[in-house]
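Dear colleague,

Please find below the structure that I am handing over to you, together with its sequence. My notes on what was found follow directly after it.

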Amino acid sequence: MSAPQSVLVTGAAGFVGSTLVDRLLGEGRRVVGLDNFDPFYPEPLKRANLARARDHTGFELVEGDIRDAAAIARAFEVAEPEVVVHLAALAGVRPSLERPADYSDVNLNGTTRLFAAGAERHRPRFVFASSSSVYGEREQGPFRESDPVERPISPYAATKRAGELIAHTFHHAYDMGVTCLRIFTAYGPRQRPDLAVRKFAERIRRGDTLPVYGDGSSLRDFTYVDDLVEGICRAIDRDLGFEILNFGAGRQVSVREMVETLERALGQKAQVDYQAPQTGDVRQTWADTSLAQARLGFRPEVPFETGVERFVRWLLEDGER
C-alpha cells in the first residue's frame, strides 16, 4: 500500500506533535495541524514548536478544540486526511488528580467527537496516542499488551484506557483502522516544561533543588522523541486493522540514574530534595516492544545517555530562547 500523503495531526503544537509534523513535511506529505493552544504550559513555547512548519507550503494550522464539532469539521475539510494522528489530550498524572472532570471532558468527549467526525466522512485510519499509565501499578515486567489493564490509578490513566475502548468501538462499528500506541515516558528536544527530564535539567541549571518523590529508585522506560516519531510514521503507513502496541525503549532507568545522567550532560551537580511518594505515581514502567517490532519493525535506537546529551544541547542552544 502507498504511504498516505494527507495527514491530520491533533495536538500539532505539542512536543511530540510538532516533531512529527516536521518529519512528515520533510517526507513531502501534506499536513494539517489542529491545536487549541491550551494554557497547560505557555503558548509561546507551542508557537515556537511550529515555527518551521508554519513556513512550509505543505502545512496548514487549524486552531480549535477537539471538543468543538465545528473546529473538527474545519480540520477535516481542510485536510481530507487519509490518516488522523490523535495526540491532543490533557496530559499528566498528577494534574489529573486535581482536575478529573476536565480530563474526562477533553480526553473522552473530545476523542469521541474526533472519531465520530471520521466515521461521518470517509473513515480515515487513526493512530491514537495512549499511555503506559494504563498498566497501573505492577511488580512484574516488562509490560505486555496482553496484560490486564482494568485497574488504572489516576484519572489520566483511566481516560487513556477509555480512549482505547472508544477506538475499538469505532473500528468495530465503522470498519475504521486504528492503531493505539501505549507511549512510555517520551523525552527530547521541545519537551514540555512539566516533564521530569526538562524540569530537572532547568532546575540544575539554575541551582534550584530537585524535588524527588520517593527515594529515587522508581524506574521509568524513557523513549526518545525521534524513536517515537519513527514508530508513529510506521503506524501511519500500515493498516493493522485494530491493534494496541507498546512504544518504549525497552530499558528501565531509575530517577537517581536520570539525575546523574543530567549532571554529566550539564556539567553541574544537582541538589536533590527527597520527598514522600505522590498518589498516582507508579513504581515502574517497562515496555515489552516485541509486538511493535513484529507489526511495524519498531526498534528504538537512541540510548538514554545519548538522548539526554541531545536534549541538553537543544536546551542550551534553543530551549532557553
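**Cysteines**

The count of disulfides in this predicted model comes to 0. Cys180 takes part in no disulfide, and the nearest cysteine sulfur, which belongs to Cys233, is 18 Å away. Cys180 is buried, with a relative accessible area of 0%. Cys233 is likewise in no disulfide, and with a relative accessible area of 3% it is buried as well.

**Nonpolar cores**

The largest nonpolar core comprises 59 residues, and Val9, Leu20 and Val85 are the residues with the most contacts inside it. Helix 9, spanning residues 225–236, gives the most to this core, with 7 residues. Another core lies apart from it and has 29 residues, including Ala75, Ala79, Ala91 and Met176.

Which residues does Val85 contact, once its neighbours within four places in sequence are left aside? They are Val7, Leu8, Val9, Thr10, Leu20, Val127, Ile232 and Ile236. By way of background, nonpolar side chains in soluble globular proteins tend to be buried together.

**Salt bridges**

The structure holds 24 salt bridges.

- The side chains of Arg47 and Glu63 form a salt bridge at 3.0 Å, N to O. Arg47 belongs to helix 2 (residues 43–49) and Glu63 to strand 3 (residues 59–63), so the pair ties together parts that are 16 residues apart in sequence. Arg47 is partly exposed, with a relative accessible area of 30%, and Glu63 also counts as partly exposed, at 43% relative accessibility.
- Glu164 and Arg182 meet through their side chains in a salt bridge at 2.8 Å, N to O. This pair links distant parts of the chain, with Glu164 in helix 7 and Arg182 in strand 6, 18 residues apart. Both Glu164 and Arg182 are buried.
- Glu305 and Arg251 are joined by a side-chain salt bridge at 3.2 Å, N to O. Here too the pair links distant parts of the chain: Glu305 is in helix 12 (residues 304–319), while Arg251 is in the loop between strand 11 (242–247) and strand 12 (253–254), 54 residues apart. Glu305 is partly exposed, with a relative accessible area of 28%, and Arg251 counts as partly exposed at 32% relative accessibility.
- A network of salt bridges links Arg23, Glu27, Arg29, Glu230, Arg234 and Asp237.

**A buried arginine**

Arg192 is placed in the loop between strand 7 (186–187) and helix 8 (196–206). Is this arginine buried or exposed? Arg192 counts as buried because its relative accessibility is 15%, and the cut-off for buried is under 20%. Not counting residues up to four places away in sequence, Arg192 touches Phe15, Phe40, Tyr41, Ala91, Gly92 and Arg198.

**Backbone geometry**

Most residues other than glycine have a negative phi, and most peptide bonds are trans.

Glu80 is not a glycine, yet its phi is positive, at about 45°. Glu80 is found in the loop between helix 4 (69–79) and strand 4 (83–86), and it is exposed, with a relative accessible area of 59%. Asp175 also has a positive phi although it is a residue other than glycine, with a value near 55°. Asp175 lies in the loop between helix 7 and strand 6 (178–183) and is exposed, with a relative accessible area of 64%.

The peptide bond from Gly141 to Pro142 is cis, with omega near 0°. Pro142 is located in the loop between strand 5 (125–131) and helix 7 (155–174).

**Helix 10**

Helix 10 covers residues 255–266 and has 12 residues. From its first C-alpha to its last, helix 10 reaches 16 Å, close to the 16 Å expected at 1.5 Å a residue. Its buried residues are Val255, Met258, Val259, Thr261, Leu262, Glu263 and Leu266. Gly267 follows helix 10 and has a positive phi, near 70°.

With kind regards

Conventions
Residues are numbered from 1 along each chain as its sequence is written. This is a predicted model: local features need pLDDT of at least 70, side-chain atom pairs count only at pLDDT 80 or more; totals for chains, interfaces and linings use all residues. Side-chain values use heavy atoms; hydrogens and water are left out. Helices (H or I, at least four residues) and strands (E, at least two) are DSSP runs, numbered from the N terminus. The expected span of a helix is 1.5 Å times one less than its number of residues. Buried means under 20% relative accessible area, exposed over 50%, partly exposed in between (1.4 Å probe, protein chains only). Contact means heavy atoms within 4.5 Å. A nonpolar core is a set of buried Ala, Val, Leu, Ile, Met, Phe, Trp, Tyr and Cys residues joined through side-chain atoms within 4.5 Å. A salt bridge is a side-chain nitrogen of Lys or Arg within 4 Å of a carboxyl oxygen of Asp or Glu. A disulfide is a pair of cysteine sulfur atoms within 2.5 Å.
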